[in-house]
Amino acid sequence: MQMIVIFIIGIILMYTDMAFATFSPMTVFGVEVYFVPKLLLMYILLLTIYAGPRISMFFAILFGVMLDIYIGSLYGIHIFGFIAFVVFMQTAFRVFYRDFVAMAFVVLLNSFLFDFYQYAVYSVLDFISMPVFDYVALRAIPSVLVSALFFVILYVLAIQTAKVRKELRRIN
Amino acid sequence: MRVTKFFNRNRMLIVLFGIVVLIALIGFSLTDRDATTKAEQFTGDTVAATQQAAGAPFGFIGNIFSNITGSFSALEENRKLKQQLDMLPQLQADNERLAAENEKLRKSLEVSSSMAYETVNARVISRAPDQWLESFTIDKGEKDGIKEGMAVSTSEGLIGIVTRVNGGSSFIEMISTNASQNNMSVEVRHDDEAVYGNIRNYDTEKDVLVVENIQSKVKLEEGDEVYTSGLTGAFPEGIVIGKVVEVENDEYGLSQNAYVQMNSDLNDVDNVFVLKRDPESLED
């Protein structure tokens with residue numbers, strides 16, 4: 001039951017991510033500003049804490065493969081990124097306290113690092129040529145701001161989906 | 001439980017192994033393939049179908065909103081239409097002139113009928129969420145006769161290349177990304193003369209395509225039109241790409257480089273045409 005709920009929420013978040021691509025980049029004062037929230041990634045990261053690393057690892061692989069085949073020009077970039085960041089999240093949480101602010105910080109930092117990782121891979125392969133300063137100012141910061149706006153919703157979602165399991169266990 | 005333990009202990013090893021696999025996969029994706037595997041097709045189609053289903057309510061709501069906003073601008077439109085009505089005699093004169101011009105153009109179209117192609121209308125289902133390579137997915141696939149390597153254009157001009165074909169959806173890479181051009185051959189027309197060149201890359205700062213290796217015998221100027229040359233894969237000839245905005249000599253002075261502004265708006269792609277080149281012209 002929990003798996004199905006997570007899967008449906010994951011799909012919706014994936015489409016929300018894609019919906020942003022329809023109106024971004026926005027032209028603000030003559031410069032193009034990119035909004036690239038990583039809602040699906042943040043949700044999977046939150047699941048690592050609230051539903052357990054195994055479940056989040058399963059969905060990291062599932063959505064990684066789906067995204068790679070559906071929209072990937074380079075195979076492996078999503079699946080590797082998702083798995084690596086779930087592992088990173090687990091490690092990070094041994095260091096950080098389990099409180100809301102620390103977690104928000106780590107999750108948002110991860111969503112930024114994931115985008116930066118894509119930026120690095122594509123730059124190395126010479127697919128894109130965006131100067132680092134432009135990247136940070138016009139893409140990384142607006143994206144993290146949008147992600148932060150959605151973070152509270154995702155936080156509630158993750159806690160609620162984590163509860164689904166508990167309730168079912170109680171019944172069983 | 002054992003799985004998690006194993007996982008914790010060998011985390012570093014697994015990540016390293018993952019990097020190796022990632023590099024192998026990147027190498028695999030960079031090779032030129034002219035077929036899409038069944039597994040890819042299945043996954044691609046499933047995601048595309050669910051996306052279309054999930055997108056339907058959003059599209060419906062969007063339509064209602066655009067209808068409401070449309071009714072606000074109706075008054076303004078009405079005023080404009082009345083103005084146009086006043087200009088009717090002038091329009092009639094223009095009409096005659098345009099009819100003559102049309103006749104002339106139609107003649108030139110007959111000449112270019114060797115560049116024949118069929119079009120398949122397609123709707124864009126989704127844009128890639130990472131917004132790096134600007135790729136998108138359309139709702140037509142193998143069963144509509146689409147194949148890898150076909151040209152995709154908007155009503156304004158060329159925009160991309162079909163890279164993966166599923167049963168009922170296809171994956172398009174824009175020519176504005178350096179992932180997909182593969183030194184595509186283009187034709188630049190200056191007055192009546194045509195010279196060939198290759199697309200080197202897309203300059204994201206100036207938002208222009210850089211075309212190199214253009215022979216210097218024809219001096220190009222700003223405003224010259226750029227077309228596909230028909231020498232690349234399954235691309236038909238004479239599909240408009242854009243206009244030259246700047247010309248410079250290359251570093252050795254042997255050839256010219258041109259900066260080409262694309263006609264299509266890369267950020268606003270809704271409906272596209274897939275251009276199926278006449279198979280007879282491909283055989284020779």
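Predicted model: local features only at pLDDT ≥ 70, side-chain atom pairs only at ≥ 80, totals over all residues.
Chain B and chain A bury about 4,000 Å² between them, with carbon and sulfur atoms giving 61% of that area; buried area here is the accessible area (1.4 Å probe) that two parts lose on being put together, summed over both. Residues are numbered from 1 along each chain as its sequence is written, chains are lettered from A in the order in which they are written, and side-chain values use heavy atoms, leaving out hydrogens and water.

**Across the interface**
- In contact (heavy atoms within 4.5 Å) are 45 residues of chain B and 49 residues of chain A.
- The rule finds six residue pairs in polar contact, both at pLDDT 80 or more; this takes N or O atoms within 3.5 Å, one able to donate a hydrogen and the other to accept it, and residues adjacent in sequence count only if both atoms are side-chain atoms.
- Salt bridges number zero, taking a side-chain nitrogen of Lys or Arg within 4 Å of a carboxyl oxygen of Asp or Glu.

**Chain B itself**
- Chain B has six helices and 12 strands, as DSSP runs (helices H or I, at least four residues; strands E, at least two) numbered from the N terminus.
- Of its 284 residues, 38% count as buried, meaning under 20% relative accessible area (1.4 Å probe, protein chains only).
- An unreviewed UniProt entry lists residues 12–30 of chain B as "transmembrane region"; this span is 100% helix, with its end C-alpha atoms 27 Å apart.

Notes: UniProt positions renumbered as here; feature names shortened; annotations may be inferred. Buried < 20%, exposed > 50% of the residue type's maximum accessible area, 1.4 Å probe, protein only.
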